[in-house]
Structure formats: structure tokens, C-alpha cells
Amino acid sequence: MTQELSFQKFIEQSDLPGELKYDFNEKAEFRHTETQRPFVFNYYENVLEKNSKRYQALGHLLEQYIYELLEKVCKLQKVYIPPEADKEEPRSFFFMSEKALTNHHSALLVLLQDHGVFRAGQWSQQAIIHHGLQHGSQIPCIQMALQAHYDVIVLNPNDNFVELKMEKEWQGLLTQNIESSSLKMVPGGNFFSLQHSPKCIPKRCSNTPEEHMAYIWDYFISKTEGKDIAFIVHGYGGLVFMDLLVRRRWEVMSKVYAVALIDSEHHVGHQLGSDVQLLAWIKHHCREWVTSPKPLDKPAATVFKKEFPMVSAGTEKYSLAPSSSLQSIFKYFKKALKARTAINFSQMPIVTRGSSKRKQSA
């Protein structure tokens, strides 16, 4: 994937070409272009603020780079939400394969990552930097899904607000969006206070990961007919999925055939309560892979979480759990889809010669 698109192009267009002499090698590992050594955070010796700003700039460049990989390597389409929004309005977006909503002959895989600074296409920014794209990005997962004839939707749940650099631009956008945003006046001043930053404005329909998920389900995923849907959710993504299950219970229970959770932060007691139907559904349609010293796929249930099968992710590192468990997850999906297909087939009415004659005589 790195041969098709160089990360250096993004660095050269930034303000830090001398401070970030890094690129991905042929193994998709992040290395210094001259020394071939891994990334070093402490570029400015013991100056935390400058090193942190450099690291943040790197994160932003990786974000843009992976967006381009999703479009050019994985051939996914970038979809802005809400579609009717004016181009001047801050908008979020997600990615999906070309026929994700129209191809009724393939299953659909939805990727929902943990909360944090990382955006669509990333499981872990830290893992990308220290272990490479094969482990930290969602691209190997997407490619595996496409090769297995899945359609794919890549969510962007952490893209919730836009930071405004200039006060005039900020105030102008506030005027346009003040009715729909959750802004509060700061006592004694003309500025507004938001949850994330004093100079940011929320993106409509994507204020939170939960809202982002619900919107894309309502206006995109739920519109598909006859598609079998699977989810891979990591960390906080598990909580977001359970929130969707509670909000859209009948749609989700009828359309989703399997959910692979990875070190999920959901809480069944708080989110699902004692709802017998939902508890029965997750028991039969969910499986969780957790960080553990045990080999991959070995049972790893705990006394606190035993509402559905739990197995080892084959690693003790949280950021590597998605890549470590990937092969196992797709085997689980294949088995679950086969079982769903068998059930659907068994429920089809059997047409006999006698029944067809009765229909004709009627």
C-alpha cells in the first residue's frame, strides 16, 4: 500500500519537513528516511511542549494520509454528512465501498473504533507510529473484507467538532450554528465554552460518537435491504454499538448477524439493564476478543463480563488487539453468516407438487 502513495509528500507540504524526516518502508513500518530508525518523540531535548506540538502535527498528517489511502488504495468513497449541509458548514464524513448500499448479494462490514484523536481508518495512532500500518490502521481489515466480497463502511466517530483559529471566522460560524449547537456563555466575556475546546464548534449530526453512529445507521445502513451486517468495534466503540442496539433494537436485531468486540468498554448492566430480549440477542450474536497472556482464541471470560463468549486476542497490548485478532474475527464472521443463511433457508416455505396444484385450483 505504501508504494502507491508516499507519506513524504504530506510532510513536504507541511511546516515541518526538517523535523519529520519519516516515511513508511516496504513493510509499512514508520521509519526515519536517513537512519531507518523508529520514531523518536524527544526531538527537542527535554522540551515537552515543542515535542508535543510536533507529535500532534504528525498525527494530523497521518490522518490525512490514511484518508487518501482509503480512497486511492481501498477505493472507498468519502461521504459527507449531513448530505444537505452547506459546504461552509463544518461537516463530518465517513467512507464506504461503492456498492455498500445497493449490492444485495454481499454482506456489509461496519468498522467502529475506540475514542481518541484518531479518525477513520485508524485503530490506534500510537500503533501506526510504533508498529506500522499493518497493526495500527484499519486498511488490512478493509482489504481482507473486500477480498472476502464484503462491502465496507468505515465510520469516523471521533470527528465531532472543528477548531477555529480566527475569532472573526469563529464568531461568524457561531452565528450560523448557534441554534443547533450546545454552546454556553462564559461569565464575564464574549467567548463561548464547548465540551472539547474554547474555540470549536460541533459538527451537526456528529456531536458525539453515539450521534455519529445513529445518524449513519438511520440514513445509510438501515436503508439497505436484504444485507447481512457485521460490526467490528474496539474499546469505546463497543459502548457506542450497545447504545445503538438499545435505540434501534428491532432494526439492529433483524439486520446484524454478528458483532466482534475488542476490549469493549460497554456496560451491559447500565446500557441493557435486565431486558431479556436484548440479553438473549447479544449472547447469540456477539463475541469479544480481550487482551490476555493466553494464546489467540482461548477462553478468557471474567467474573465481571460473561454475557457472551470472550476469548483471548493473542496479545497483552491494547493497541495491537485489533490486528492480532483479525484472522480469528473473520473466521467467526464466516461461521456466523453460514449459520444465519442456514436458518433463513430453513424458514423458507417448501413448495410441493400438491401445494402448487392447490394454488392453481384456487
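**Close-up 1. Helix α2 in the lining of the largest pocket.** Of the elements around the largest pocket, α2 gives the most to the lining, with 10 residues, in a model that is predicted. The elements that give two or more residues to this lining are α2 (48-72), β3 (77-81) and β7 (161-163). The volume of the largest pocket is about 1,100 Å³, and 29 residues line the pocket, with His60, Glu63, Gln64, Arg119 and Glu163 lying nearest its centre. Sorted by class, the lining of the largest pocket comprises 11 nonpolar, 6 polar and 12 charged residues.

Close-up 2. Threonine 315 is placed in the loop between β14 (310-312) and α12 (321-324), and it counts as buried because its relative accessibility is 13%, under the 20% cut-off. When neighbours within four places in sequence are left aside, the contacts of threonine 315 are Thr291, Ser292, Leu320, Ala321 and Ser324. Serine 292 lies 23 residues from threonine 315 in sequence, yet the two are 5.8 Å apart in space, C-alpha to C-alpha. The side chain of threonine 315 also reaches the backbone nitrogen of lysine 317, at 3.1 Å.

Close-up 3. With a disulfide taken as a pair of cysteine sulfur atoms within 2.5 Å, the count for the model comes to 0 disulfides. Cysteine 141 is in no disulfide, as the nearest cysteine sulfur, that of cysteine 74, is 9.9 Å away. Cysteine 141 counts as buried, at 1% relative accessibility, and cysteine 286 is buried as well, with a relative accessible area of 2%.

How values were computed
Residues are numbered from 1 along each chain as its sequence is written. This is a predicted model: local features need pLDDT of at least 70, side-chain atom pairs count only at pLDDT 80 or more; totals for chains, interfaces and linings use all residues. Side-chain values use heavy atoms; hydrogens and water are left out. Buried means under 20% relative accessible area, exposed over 50%, partly exposed in between (1.4 Å probe, protein chains only). On a 1 Å grid over the protein atoms alone, a cavity is a set of points where a 1.4 Å probe fits but cannot get out, and a pocket is an open set with protein on both sides within 12 Å along at least five of seven lines; lining residues have an atom within 4 Å of a point. Grid points are joined across faces, edges and corners, and a volume is the space filled by probe spheres set on the points. Helices (H or I, at least four residues) and strands (E, at least two) are DSSP runs, numbered from the N terminus. Ala, Val, Leu, Ile, Met, Phe, Trp, Tyr, Cys and Pro count as nonpolar, Asp, Glu, Lys and Arg as charged, and the others, Gly among them, as polar. Contact means heavy atoms within 4.5 Å. A polar contact is a pair of N or O atoms within 3.5 Å; within protein, one must be able to donate a hydrogen and the other to accept it, and residues adjacent in sequence count only if both atoms are side-chain atoms.
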